[in-house]
Amino acid sequence: LRGAIDAPAITISGCTTSHPAVAKMMARMRLLDGVQRVTLTGSEKAEMGGGATGDSAAGGGDCRAGSDQYPKFDLIVFFKPIAGQGTPAAAPAATSPATPTTSGAAQ
């Protein structure tokens with residue numbers, strides 16, 4: 001999914017108290033200046049029972065701390081390209097022979 005939009009982006013992974021809290025975080029991310037899109041790549045609670053504790057101990061990076069109550073999520077926040085900083089793929093398309101003549105005539 002990271003390659004879906006040719007723009008700067010960050011990936012955020014973490015835990016929260018509920019699935020509605022994940023949705024709320026996504027909505028708040030969309031309010032940040034320069035954010036173009038927020039995409040959820042995963043949100044899941046641990047399986048009930050001893051599996052969560054085993055995952056926490058083995059992986060060392062599970063922020064749920066062995067709890068099956070908290071969802072772990074992954075999302076990507078895409079930002080708008082900086083003005084004047086065209087992406088390499090977009091630059092050739094924006095500079096067709098007709099574009100400089102048209103923009104030069106309009107000024």
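Here are some questions and answers about a predicted model.

Visitor: Which strands do the buried residues of helix 1 pack against?
Guide: Let's start with the residues themselves: Ala 21, Val 22, Met 26 and Met 29 are buried in helix 1. Seen down the helix axis, the buried residues fall within an arc of 145°, so they line one face. That face's buried residues pack against strand 1, strand 2 and strand 3.

Visitor: What distance does helix 1 reach from its first C-alpha to its last?
Guide: Good one to work through! Helix 1 has twelve residues, and at 1.5 Å a residue the expected span is 16 Å. The model comes close to that, with a reach of 17 Å.

Visitor: How many residues does the largest nonpolar core have?
Guide: Its members include Ile 12, Val 35, Val 38 and Phe 73. Helix 1, strand 2 and strand 3 each supply at least two residues of this core. One member, Ile 12, is in contact with Met 29, Phe 73, Leu 75 and Val 77, among others. Counting every member, the core has nine residues.

Visitor: Is the link of Cys 15 and Cys 63 right-handed or left-handed?
Guide: Look at the angle about the S-S bond, which is 85°. With that angle, the link is right-handed.

Visitor: Why is Cys 63 called partly exposed?
Guide: Partly exposed covers relative accessible areas between the buried limit of 20% and the exposed limit of 50%. Cys 63 gets this label because its relative accessible area is 41%.

Visitor: Is Ile 82 buried or exposed?
Guide: Ile 82 sits in the loop between strand 3 and helix 3. Its relative accessible area is 60%, and the cut-off is over 50%, so Ile 82 is exposed.

Conventions:
Residues numbered from 1 in each chain as written. Predicted model: local features only at pLDDT ≥ 70, side-chain atom pairs only at ≥ 80, totals over all residues. Heavy atoms only, no water. Helix = DSSP H or I, 4+ residues; strand = E, 2+ residues; numbered from the N terminus. Buried < 20%, exposed > 50% of the residue type's maximum accessible area, 1.4 Å probe, protein only. Core = buried A, V, L, I, M, F, W, Y, C linked by side-chain atoms within 4.5 Å. Contact = heavy atoms within 4.5 Å. Disulfide = S-S within 2.5 Å. Expected span 1.5 Å × (residues − 1). Arc of directions from axis to C-beta. Lists of a residue's contacts leave out its neighbours within four places in sequence.
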